[in-house]
Amino acid sequence: MIAIIKYNGGNVNSVQNALNRLNVDSIITDDPEKILKADKVIFPGVGEASSTMKLLKEKELDLLIPSLKQPVLGICLGMQLMCGENEEGNTEGMGIFNINVRKFPSTDIVPHMGWNTLSKHASLLFSGVERGNDVYFVHSYYCELSDFTTSVCDYILPFSASLQKDNFYAVQFHPEKSGTVGNQIIKNFINV
């Protein structure tokens, strides 16, 4: 069973629909006991960083998520909140990945929205994904490059398209909206 963390994020149902298409059992929940008992956890996100962290703190999910031992996948805002300092609302994230989240400079259209190419692919999440495949992004803030970076995308500047540390995986793009490539990435997470 996969627990999808409920916190009023905008793409929770899209993630569950993607799992349903793959015949994977899931539950949308903010119950710590159910999250702890799940085989894997997905922390999705579409929203604003400071208000989302406030909701997570009210349920003490900001303390629970970093303590999880099973594989965890953060998506979009979920990835950003797994990091440290976030320029959106001057928000302090959970610090799983000790990197900062910055706003894209306004030298091009922000938000970064649409299909873009990944490079690097240094994670089990990308097994069977060819270099140069496109995935779907919607974001105005990006995670800096770091030792945790497992794939890179270039929009205005190079940024971390995915991260990994121990049992924590994270992607800036939306695998649930990225067609066959996204389905493969979700399958790979299920099989971690």
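A strand here is a DSSP run of E of at least two residues, numbered from the N terminus. Keep that in mind for β9, a strand on this tour. The model is predicted.

**Stop 1: the largest pocket**

Select β9, residues 134-139. Which element gives the largest share of the lining of the largest pocket? β9 does, with three residues.

The pocket holds about 200 Å³ of space. Colour the lining by class: six residues are nonpolar, five polar and two charged.

**Stop 2: helix α3**

Move to residues 49-58, helix α3. Show the side chains of Ala49, Thr52, Met53 and Leu56, the buried residues of this helix. Now look down the axis of α3. The buried residues fall within an arc of 100°, so they line one face of the helix. An α-helix has 3.6 residues a turn, so residues three or four places apart point the same way.

Step past the end of the helix to Glu60. Its phi is positive, near 60°.

**Stop 3: the Lys59–Asp30 salt bridge**

Select Lys59 and Asp30. Their side chains meet in a salt bridge, 3.1 Å from N to O. Lys59 sits in the loop between α3 and α4, and Asp30 in the loop between β2 (26-29) and α2 (32-37), so the pair ties together parts 29 residues apart in sequence. Lys59 is partly exposed, at 45% relative accessible area.

**Stop 4: the network around Arg102**

The count of salt bridges comes to four. For a network of them, select Glu85, Glu87, Arg102 and Glu144.

Begin with Arg102 and Glu85. Their closest N and O atoms are 3.0 Å apart. The pair links distant parts of the chain, with Arg102 in strand β7 (residues 101-103) and Glu85 in strand β5, 17 residues apart. Arg102 counts as buried at 17% relative accessibility, while Glu85 counts as partly exposed at 40%.

Next, take Glu144 and Arg102. This salt bridge has its closest N and O atoms 3.5 Å apart. Glu144 lies in the loop between β10 (141-143) and β11 (149-155), 42 residues from Arg102 in strand β7. At 25% relative accessibility, Glu144 is partly exposed.

**Stop 5: the cavity**

How many cavities of 30 Å³ or more does a search of the whole structure find? One. The largest cavity holds about 50 Å³ of space.

Select its lining: Val15, Leu19, Ile42, Leu73, Ile75, Pro175, Glu176, Ile186 and Phe189. Then show α1 (12-21), β4 (72-75) and α6 (179-190), the elements that give two or more residues to this lining. By class, eight of the lining residues are nonpolar, none polar and one charged. Rolling a probe the size of a water molecule over the atoms shows where empty space is left.

Note on methods: Residues are numbered from 1 along each chain as its sequence is written. This is a predicted model: local features need pLDDT of at least 70, side-chain atom pairs count only at pLDDT 80 or more; totals for chains, interfaces and linings use all residues. Side-chain values use heavy atoms; hydrogens and water are left out. Buried means under 20% relative accessible area, exposed over 50%, partly exposed in between (1.4 Å probe, protein chains only). Helices (H or I, at least four residues) and strands (E, at least two) are DSSP runs, numbered from the N terminus. The arc is that of the directions from the helix axis to the C-beta atoms. On a 1 Å grid over the protein atoms alone, a cavity is a set of points where a 1.4 Å probe fits but cannot get out, and a pocket is an open set with protein on both sides within 12 Å along at least five of seven lines; lining residues have an atom within 4 Å of a point. Grid points are joined across faces, edges and corners, and a volume is the space filled by probe spheres set on the points. Ala, Val, Leu, Ile, Met, Phe, Trp, Tyr, Cys and Pro count as nonpolar, Asp, Glu, Lys and Arg as charged, and the others, Gly among them, as polar.
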